[in-house]
Amino acid sequence: MGLVRSQAAALMCGAALCGGGMQAVAAQTINANAKNITVLERLVIGAGRPKVAIDTPQAVTVINQDDIDATQATSIGDVLDAVPGVTLIGSDRVLGESFNIRGIGTAETSGDEARVILNVDGAKKFYEQYRMGSFFSDPELYKQVEVLRGPASSTLYGSGALGGVINFTTKDASDFIADGQTGAARLKTQYNSNGAGTLVSGVLAQQVNDTFDILATGNWRRSNAFTLADGTSLSGSDFASLSGLIKGTARFGDNDEQVLRLSYQRWSSDADNQDYAQTGTQAMFGTVDRTVLDQTAVLSYENADSDNPWVDLKANLSFSDTTVSQTNAAAALGSIGNADYGYRTYQANLENTSEFDTGDWVHFLTYGVQGSFQDRTAKNTATAGDPGITTHPEGQESRLGLFVQNEAVYDERLTLIGGVRGDFAFQTPTRTTQGETDRNDSALSPKLAALFDINDNVSVFGSVAHTERMPTLDERYQYSTTGRMPGKSPSLNLEKESSNSYEAGFAVSGYELIQDGDQASVKLTGFYSDLTNMIESSPAVAGNTYYRNIGQATIYGVEVEGAYESERLFSRLAYSATVGANDLTGEALTSIPAHKLVLTLGGRLPEYGLEYGATATLAAAADTGVTPSAEGSTATDGYVTLDLFSSWKPTTGAFAGTELRASIDNVFNADYRSNQSTDRSTGRTFKLSLAKQFDW
């Protein structure tokens with residue numbers, strides 16, 4: 001087994017460990033003498049061959065378990081708030097969140113839901129509904145989140161990832177069972193002063209025998225309506241949810257290198273008199289009784305055969321089902337009010353990585369196939385016979401994707417990654433009252449990336465990627481015959497969007513800079529994307545199709561991510577500046593977030609298990625953005641916020657296994673509006689959480 005494959009095997013083993021073990025393996029790859037791991041030196045497992053983030057020729061951020069816990073998050077959006085290039089869109093309501101990456105993504109727009117790909121343990125998640133968010137889940141279910149920015153991710157995850165990919169990884173029993181123990185139970189409670197939010201969470205992990213363990217988690221979370229910094233209430237932000245995860249893991253074969261996992265995840269919310277509009281304050285839509293249920297089941301198999309360089313196999317079967325049932329809606333909402341909506345997706349993935357040499361080059365060839373079937377439903381429950389909902393058409397889509405990616409390494413200094421993916425889509429409408437017919441399409445996504453280590457501390461990288469996004473069922477078959485958009489017919493002849501993107505940057509890392517064992521690293525990425533044939537809604541003129549190909553845009557910018565870690569001090573930096581314009585009109589794109597800098601400075605007292613610090617967020621003024629709920633100008637002023645945080649995690653004595661966290665968000669109660677949010681900022685919030693683990 002060659003040296004490079006030995007390192008890859010070590011990294012793969014690290015991926016199966018809990019957060020601390022994962023970081024330790026990554027550290028050994030970078031510097032054997034380093035004791036503290038920065039955010040850029042965490043293991044990335046979603047970009048091909050496992051590697052640390054700073055050695056990936058793409059902008060990648062890894063959020064680990066400690067980051068998730070430190071955030072004391074109420075929603076998934078809280079977890080991603082400090083990631084450069086990622087912006088929460090929609091609203092702070094748990095049912096109104098969607099994601100924008102590098103200026104790509106707008107709330108409740110069917111095309112934009114497909115421009116950013118979301119995966120949970122490899123299962124693709126997708127949801128689109130008028131005035132609703134796109135992802136319903138709880139932060140307590142996850143131990144890691146990977147954000148891969150830019151369309152280069154399309155090779156492995158599917159054409160159309162114009163913005164990028166967000167991968168969520170759920171917790172495992174092995175994350176909680178300590179060495180020498182066979183089981184663990186962890187109880188946690190949390191309180192937020194804003195909205196009197198509460199969380200009760202429990203985890204049970206049990207090692208049944210030497211090769212099989214099982215995990216069960218349950219979470220109950222609730223909150224009253226949030227109070228905004230201006231003293232008003234965020235209407236419709238009150239909620240209550242139940243979530244849970246059951247996962248079993250079996251390891252077998254030589255060195256237990258074969259792994260079989262089966263998991264089931266569930267999130268639900270049931271609310272009466274809830275604001276219909278969840279992506280912004282829109283009182284005109286009234287209220288509705290709404291039940292939301294999101295389910296994900298995954299069966300996966302891995303065989304990292306270290307004795308056979310031709311085999312590193314991964315197989316995944318998944319089921320995703322998201323349903324929204326609404327009753328007692330205002331009559332003014334018409335057919336979209338009292339209705340049942342749903343997305344059900346079956347997916348199968350099979351990929352293998354083979355290692356081989358060609359002279360001085362070591363190759364890691366990844367190749368595979370992906371198939372999926374999506375059923376989109378919308379039932380008008382208020383009208384006898386269910387005439388359908390014209391603006392949320394039902395239909396089925398089958399997809400087949402084939403991909404290959406070769407990562408070639410020369411002298412452990414030069415890495416070249418080339419890949420291509422072909423996707424084929426077959427769409428069938430459920431209703432044909434407007435002449436709807438089946439449609440087939442295909443998309444191609446090639447890329448080429450390179451990274452060169454100038455020395456042990458400095459590297460440069462660059463990439464070029466092309467991707468195409470095929471129209472969704474909603475874009476293809478939506479129509480309207482009444483109301484504000486009469487005479488708009490289905491858009492049967494829509495063409496696919498395309499993007500040509502370029503990235504370049506450098507990374508610098510240093511060790512033993514100020515004190516023994518410290519590390520610092522920084523990665524700068526510049527990007528430029530040329531988007532053509534963009535799909536946009538047509539003007540409300542009789543005879544138009546609902547959507548049309550017309551948009552052309554240019555988006556470019558820079559992202560900087562940096563960190564310093566030592567035994568007693570740490571700091572992080574995340575900066576993003578994005579510019580975008582409509583090439584047809586010359587006007588700035590409203591989906592471009594304001595330039596933002598997030599700075600964190602903290603300290604540790606390891607002998608007492610204490611950690612403390614502050615995070616400052618500085619956002620620039622923006623000339624345009626989304627229209628605020630109160631109407632008026634889309635421009636926003638710059639703002640500054642300050643958050644404080646602390647934690648106590650003793651490792652010895654009577655309180656060993658206890659975790660106490662306290663924080664204050666928006667210390668000075670800054671009143672502002674992000675240019676990608678329709679509502680103003682939430683007010684000052686005190687957070688307190690207490691967790692205790694019991695081992696046996």
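Trainee: What order do the strands of the open sheet of 5 strands have?

Mentor: This is a predicted model, and in it the order runs β3-β8-β9-β6-β7, with mixed pairing. From one strand to the next, the twist averages 20 degrees.

Trainee: What makes β3 and β7 the edge strands?

Mentor: Each of them, β3 (60-63) and β7 (123-125), pairs on one side only.

Trainee: How do you know that β8 and β9 pair?

Mentor: Two strands pair if there are at least two bridges between them. β8 and β9 have 7 bridges, in the antiparallel sense, so they pass that cut-off. One example is V145, whose bridge partner in β9 is F168.

Trainee: And what holds paired strands together in general?

Mentor: Backbone hydrogen bonds, with the strands either parallel or antiparallel.

Trainee: Staying with β8, why is R149 called buried?

Mentor: R149 sits in strand β8 (residues 142-149). Its relative accessible area is 2%, and buried means under 20%, so R149 qualifies. As for where that leaves its C-alpha atom, it is 21 Å from that of F136, 13 residues apart along the chain.

Trainee: Let's move to β4 and β5. What do they form, and how many residues lie between them?

Mentor: A hairpin, with 6 residues between the two strands. They pair over 5 bridges in the antiparallel sense, and I89 has S98 as its bridge partner in β5.

Trainee: What makes you say β5 is mostly covered?

Mentor: The count is 5 buried out of its 5 residues. Look at the faces too: E97, F99 and I101 are buried on one side, S98 and N100 on the other.

Trainee: Where does S91 lie, then?

Mentor: In the loop between β4 (86-90) and β5 (97-101).

Trainee: How do you know that the side chain of S91 has a polar atom close enough to R93 for a polar contact?

Mentor: Check the distance: the backbone nitrogen of R93 lies 3.2 Å from a polar atom of the S91 side chain. The limit is within 3.5 Å, so on distance the pair passes.

Trainee: Which residues is S91 in contact with, leaving aside neighbours within four places in sequence?

Mentor: G96, E97, Q278, T279, G280 and D679.

Trainee: What makes a group of residues a nonpolar core here?

Mentor: They have to be buried nonpolar residues joined through side-chain atoms within 4.5 Å. The largest such core has 28 residues, and L80, F135, Y142, V145, V147, I166 and F168 have the most contacts inside it. At least two of its residues come from each of α4 (76-79), β5, β6 (116-120), β8, β9 (164-170) and β11 (197-209). Another core, of 26 residues, lies apart from it, with W267, Y276, A277 and I389 among them.

Trainee: Which residues does I166 touch, not counting those up to four places away in sequence?

Mentor: The list includes L80, F99, I101, V116, V145 and V147.

Trainee: Last one: how many bridges join β14 to β15?

Mentor: 16, between β14 (residues 258-275) and β15 (residues 287-303), running antiparallel; Y264 has A297 as its bridge partner in β15. Then 15 bridges join β15 to β16 (residues 313-327), also antiparallel, and there T296 stands opposite S320. The cut-off is at least two bridges, so both of these count as pairs.

Note on methods
Residues are numbered from 1 along each chain as its sequence is written. This is a predicted model: local features need pLDDT of at least 70, side-chain atom pairs count only at pLDDT 80 or more; totals for chains, interfaces and linings use all residues. Side-chain values use heavy atoms; hydrogens and water are left out. Helices (H or I, at least four residues) and strands (E, at least two) are DSSP runs, numbered from the N terminus. A polar contact is a pair of N or O atoms within 3.5 Å; within protein, one must be able to donate a hydrogen and the other to accept it, and residues adjacent in sequence count only if both atoms are side-chain atoms. Contact means heavy atoms within 4.5 Å. Buried means under 20% relative accessible area, exposed over 50%, partly exposed in between (1.4 Å probe, protein chains only). Axes are lines fitted to C-alpha atoms, for helices over the stretch in contact, and angles run from 0 to 180 degrees between N-to-C directions.
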